[in-house]
Amino acid sequence: MTGFATAIDEFLRGQGRFAVGAEPFGRTRRLLAFIVVFGFAYGAVMASFSGLAPGRCHQMFYVGAKVPLLLLVTSLLCLPSFFIVNTVAGLREDFGEALHAVLAGQACLTIALAALAPVTALCYVSTPNYSLAVLFNAGMFTVAAVAAQVVMRRYYGPLIRRSPRHGAMLFFWFFLYAFVGIEMGWVLRPFIGDPNAPVAFFRPDAWGNAYVVVAKLVGRALQP
Amino acid sequence: MPTWLRELDDLLRGRKGRPEALAEGTGHLRIGPHVGMAVLLGIIYGLCMALYSVLNRTPPAYEQFLSSALKVPALFFLTLLVSFPSLYVFSALTDAQLSPLAALRVIVSAVVVSLAVLASFAPITAFFTLTTSSYPFMKLLNVFFFGTAACVGLGFLLNMLRQLDRARTLGATSQAARAEEVTAGRRAGADPPPFTTAGKDAGRKLFQAWLVVYALVAAQMAWVLRPFIGASKLPFEWFGQRGGNGFTDVLHAIGELMGT
């Protein structure tokens with residue numbers, strides 16, 4: 001347990017085995033562990049909006065499982081393209097470091113989310129408004145994403161200095177990850193859990209497309 | 001690692017496009033294995049494209065698997081077949097000095113790179129297919145992925161041309177490469193670069209102009225070979241009716257997606 005806590009501290013400070021340029025042995029496993037543990041922790045808190053009501057506790061386990069699932073499956077889907085495009089750009093030798101950097105960004109995102117979990121819990125205590133809870137969580141994810149940038153820049157910085165093409169690769173990763181991640185998030189709904197809807201791992205209408213919904217909304221808004 | 005995979009890896013890493021490798025000519029860019037790889041990669045993506053038609057049609061149109069798996073590689077090679085003669089003619093007219101065979105090898109390599117990028121998008125296409133019933137969305141997603149793959153292939157091709165220039169400056173072209181690269185009629189014993197100094201700029205401009213032709217032919221070829229995905233409301237067909245064009249269809253798909 002102490003070892004795990006030490007690893008988190010080292011990771012956040014970028015020291016020890018997580019220092020830039022340190023031996024990568026065993027780091028990926030730890031990063032994956034951070035994503036699973038802290039993703040689960042924030043997911044459970046996120047679902048506590050309705051999950052603490054009698055008979056709805058399993059909602060917290062569902063969402064706890066879904067947060068790491070959202071991050072890891074999205075990464076897995078984007079990985080082949082990221083690998084091939086990096087290779088074509090002549091950056092294959094650095095791919096291990098690039099992969100470590102994007103995983104580290106996600107690990108930092110989940111740690112930051114877990115650190116913000118008490119704030120989310122306070123928000124839930126303060127308001128029974130479901131829409132406000134959704135908006136608040138969007139805010140928490142945004143703050144955590146900004147925090148993740150610190151780690152991403154730490155690990156990607158030396159790569160970009162080595163070759164500016166890494167900057168384009170990072171942009172490619174962000175674009176692809178966001179594109180797939182938005183749809184993955186849509187498919188894996190609900191994350192917070194509407195108190196008036198029954199508990200479910202997937203919504204009955206989950207197999208939809210977020211972009212089609214947005215396009216139809218835009219189309220409707222543009223109609224005279 | 002199997003030999004073909006190692007070849008693909010070398011190509012994607014750019015090892016085959018290094019000036020040192022190109023100084024010996026383009027013989028190492030073997031057309032046969034590259035065509036085989038391109039077909040395989042095209043089949044992988046084609047199968048993922050056809051998944052939409054299988055999942056959304058009642059009864060499922062399994063023929064679409066075969067149709068799309070054949071059509072994706074065919075799109076790239078038929079486009080090459082249609083546009084390559086014009087490249088050869090313009091090339092000869094501008095005295096670009098890149099022999100037809102060498103040009104073909106370089107272009108087929110770029111096709112392999114494009115298809116490798118396209119195949120790497122296959123998991124994402126499959127994921128969206130599983131979660132989406134909107135045909136216009138799938139159409140636009142595939143247009144985007146094909147466009148991205150084509151752009152990466154284009155970048156690879158232009159880089160290869162730059163490396164050929166560098167290979168010329170290395171001045172290490174062997175006699176064997178000379179025989180292959182130099183077009184008939186050049187005086188014996190002269191320096192035999194892929195592009196001569198005089199023809200270098202003309203050759204590059206020609207290639208850039210030809211790429212526009214290639215892109216336009218590819219877009220129209222995709223339209224001629226449609227359907228690749230297969231609309232859920234329509235019965236399976238190998239080829240769509242003649243008429244229309246891909247550009248207006250894309251605009252129409254955007255409108256349809258927005259429900260207008």
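Start in chain B and select helix H10 (residues 246–257). The expected span here is 1.5 Å times one less than the number of residues. Helices are DSSP runs of H or I with at least four residues, numbered from the N terminus. Step just past H10(B) to Gly259(B), where phi is positive, about 75°.

Some housekeeping before moving on. This is a predicted model, with local features needing pLDDT of at least 70 and side-chain atom pairs counting only at pLDDT 80 or more, while totals for chains, interfaces and linings use all residues. Residues are numbered from 1 along each chain as its sequence is written, and chains are lettered from A and ligands numbered from 1 in the order in which they are written.

Next, hop to chain A and pick helix H2 (residues 27–46). H2(A) has 20 residues and reaches 28 Å from first C-alpha to last, close to the 28 Å expected. Colour its buried residues (20 or more other C-beta atoms within 10 Å of a residue's own, with C-beta atoms placed from the backbone); among them are Phe34(A), Phe38(A) and Tyr42(A). The buried residues of H2(A) pack against H1, H3, H4, H5 and H6 of chain A.

How do H2(A) and H5(A) pack? Their axes, lines fitted to C-alpha atoms over the stretch in contact, sit 8 Å apart at an angle of about 25°. H2(A) and H5(A) are therefore roughly parallel, the label for angles under 35 degrees between N-to-C directions. Contacts (C-beta atoms, placed from the backbone, within 7 Å) include Leu31(A) and Phe38(A) on the H2(A) side and Leu103(A) and Ala107(A) on the H5(A) side. The residues of this contact divide into 16 nonpolar, six polar and one charged. Nonpolar means Ala, Val, Leu, Ile, Met, Phe, Trp, Tyr, Cys and Pro; charged means Asp, Glu, Lys and Arg; the others, Gly among them, are polar.

Stay on H5(A) (residues 95–126) and click Phe95(A). Phe95(A) counts as partly exposed because it has 14 C-beta neighbours inside 10 Å, between the buried cut-off and the 12 or fewer of an exposed residue. Leaving out residues up to four places away in sequence, Phe95(A) touches Phe83(A) and Asn86(A).

Last stop: show both chains. The contact takes 23 residues from chain A and 22 residues from chain B. On the chain A side, H4, H7 and H8 each give two or more residues.

Terms used. Contact = placed C-beta atoms within 7 Å. Axes fitted to C-alpha atoms, helices over the stretch in contact; angles between N-to-C directions. Parallel < 35°, antiparallel > 145°, perpendicular 65-115°, else oblique.
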